[in-house]
Amino acid sequence: MKIVYSFHSLWKIKRRKIEIVWSEEAIKCPDLTKRQGYKYIITKRLNGKILGIVYIKEKHIKVVTAYWIRK
């Protein structure tokens with residue numbers, strides 16, 4: 001399935017120093033997936049950190065935001 005990024009998510013990804021490859025890896029193989037209404041919230045452990053991504057599934061996957069989760 002095609003992955004597209006909103007302007008907001010690209011801005012946050014750049015600001016939070018998250019690689020696009022990491023976000024795609026997390027979407028394809030998440031450690032945990034939660035659904036809240038029409039949004040999906042996933043987490044993936046990468047390099048000792050936890051990456052969180054919020055996306056909407058339509059004809060394609062649209063990433064809304066991405067962030068690091070603090071322990």
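Me: A polar side-chain atom of Ser23 lies 2.7 Å from the backbone oxygen of Ile20. What is a polar contact?

Reply: A polar contact is a pair of N or O atoms within 3.5 Å, where within protein one must be able to donate a hydrogen and the other to accept it, and residues adjacent in sequence count only if both atoms are side-chain atoms. This is a predicted model, in which local features need pLDDT of at least 70 and side-chain atom pairs count only at pLDDT 80 or more, while totals for chains, interfaces and linings use all residues. Residues are numbered from 1 along each chain as its sequence is written, and side-chain values use heavy atoms, with hydrogens and water left out.

Me: Where is Ser23 placed, and is Ser23 buried or exposed?

Reply: Helices (H or I, at least four residues) and strands (E, at least two) are DSSP runs numbered from the N terminus, and Ser23 belongs to helix 2, residues 20-28. Buried means under 20% relative accessible area, exposed over 50%, and partly exposed in between (1.4 Å probe, protein chains only); Ser23 is buried because its relative accessibility is 0%.

Me: Which residues does Ser23 contact, leaving aside neighbours within four places in sequence?

Reply: Contact means heavy atoms within 4.5 Å, and with those neighbours set aside Ser23 is in contact with Tyr5, Leu51 and Ile53.

Me: Which residues of helix 1 are buried?

Reply: In helix 1, residues 7-15, the buried residues are Ser9, Lys12 and Ile13. Viewed down the axis of helix 1, they fall within an arc of 100 degrees (taken from the directions from the helix axis to the C-beta atoms), so they line one face of the helix. Phe7, Lys14 and Arg15, on the other side of helix 1, are exposed. The cover over the buried residues of helix 1 includes strand 1 (3-5), helix 2 and strand 5 (61-69).

Me: What does Ile13 touch, not counting residues up to four places away in sequence?

Reply: Ile13, which counts as buried because its relative accessibility is 4%, touches Tyr5, Ile18, Ile20 and Ala66 when those residues are not counted. Ile13 and Thr65 are 52 residues apart in sequence, yet 7.5 Å apart in space, C-alpha to C-alpha.

Me: Which residue with positive phi follows helix 1?

Reply: Lys17 follows helix 1, and its phi is near 55 degrees, a positive value in a residue other than glycine. Lys17 sits in the loop between helix 1 and helix 2 and is exposed, with a relative accessible area of 69%. Asn47 also has a positive phi, near 55 degrees; Asn47 is in the loop between strand 3 (39-46) and strand 4 (49-57), and counts as exposed at 67% relative accessibility.
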